[in-house]
Structure formats: C-alpha cells, structure tokens
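The following exercises are meant to be worked through with the sequence and the model side by side. Please try each task before reading its solution.

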Amino acid sequence: MSLTVYLSGEIHTDWREQIEQGAKDACLDITFTRPVTDHAASDAAGDLLGEEDKQFWRDHKSAKVNAIRIKTLLEQADVVVVRFGDKYKQWNAAFDAGYCAAMGTPYITLHDEDIVHPLKEVDAAAMAWATTPEQVVGILKHVMRD
C-alpha cells in the first residue's frame, strides 16, 4: 500500500520533518506534499500580478494563487494531517480541514490539548486527533499495516 499525505497547517516548527523522518525510518511508502511553507513567499504569491495599494487585495490575490497548489494537492491526497500550533491562529488550516470534510478525505488533526475546545468541530470530523508527530506516524503505520 502506498499513500499520498498532505501536511497542512502551522509553518513555524519542524513537525513536518519529524513526520517525514518517522515515516522514512518505518519504511512507509508515503509521498508527502505540503503548501509553500516560506511565509514571505506565500504572502507574496500574487505579487507577480501587479502591485496593490491596499493590503486586502494583495492578500486576496496571494490567497488565490496559493489555493491553486493547495486545492490541487488536497484533492490528490489520500490522507491529510492538519497541524494547529499555539502561537498563531491558523484559519487556513481550519479551512483545509473543512475542505477535507466536505470532500470526504480522511484527516488527522495535530495539536496540543489546550486548544481542544476551540477546535471541537474540526476534531469532530477528523478520523483522529494526535498531540505529537510520533503519534501521527503511528497512525500511518497502522493504516498501512498488512
């Protein structure tokens, strides 16, 4: 069995690398995909379409350009891992989770216990909630078990 796993959400820690390394160490046949994780590059994705004098329109264009990649990769994913960090509100991660729920794509949420309450609806539609990248790898190992 092979899987394509999209790693959505928080971009300020190395959780993606931990999951990728854990899957590699476990010899799992997984192709990992992700959004653009360079914050400045993501924010500037629409700049090639021309300058804007209002931040709203700059963000609007960049969100749409970024969505080309995100939507494509979410639709190609067998499983999605959605990471919510503690430092920033990741509305984009919540949107990705909702998109997965609407498409019927299984997703795993990854976040600390102290934000269970604000994520209760997101977690309710998830197939699993993990608190560590190691738990995510364990779930993926179980899913791929013969």
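## Exercise 1: An aromatic pair

At 40% relative accessibility, W57 counts as partly exposed, because that class lies between buried (under 20% relative accessible area) and exposed (over 50%), judged with a 1.4 Å probe and protein chains only. This is a predicted model, in which local features need pLDDT of at least 70 and side-chain atom pairs count only at pLDDT 80 or more, while totals for chains, interfaces and linings use all residues. Residues are numbered from 1 along each chain as its sequence is written, and side-chain values use heavy atoms, with hydrogens and water left out.

Task: Find out how many aromatic pairs the structure holds, and decide how the rings of F56 and W57 are arranged.

Solution. Begin with the rule: rings of Phe, Tyr and Trp (for Trp the six-membered ring) pair if their centres lie within 6.5 Å, and planes under 30 degrees apart count as stacked, over 60 as edge-to-face and the rest as tilted. The structure holds one aromatic pair. Its ring centres, those of F56 and W57, are 4.7 Å apart and the planes stand at 85°, so the pair is edge-to-face.

## Exercise 2: Salt bridges

Task: State how many salt bridges a search of the whole structure finds, and describe where the partners E10 and R83 are placed.

Solution. A salt bridge is a side-chain nitrogen of Lys or Arg within 4 Å of a carboxyl oxygen of Asp or Glu, and the search of the whole structure finds seven of them. One of these joins the side chains of E10 and R83, with 3.5 Å from N to O. The pair links distant parts of the chain, since E10 is in the loop between β1 (3–9) and α1 (15–25) and R83 is in strand β3, 73 residues apart. Here helices (H or I, at least four residues) and strands (E, at least two) are DSSP runs, numbered from the N terminus. Both E10 and R83 are buried.

The next bridge to examine is that of E17 and R34, whose side chains also meet at 3.5 Å, N to O. This pair too links distant parts of the chain, with E17 in helix α1 and R34 in the loop between β2 (30–33) and α2 (39–43), 17 residues apart. E17 is partly exposed, because its relative accessible area is 39%.

Finally, K120 forms a salt bridge with E121, and the closest N and O atoms are 3.7 Å apart. K120 counts as partly exposed at 40% relative accessibility, whereas E121 counts as exposed at 52%. Salt bridges that share partners also join E17, E20 and R34 into one network.

## Exercise 3: A backbone angle

Task: Determine where C27 is found, and whether it counts as buried or exposed.

Solution. C27 is found in the loop between α1 and β2. Its phi is near 55°, a positive value in a residue other than glycine. With a relative accessibility of 69%, C27 counts as exposed.
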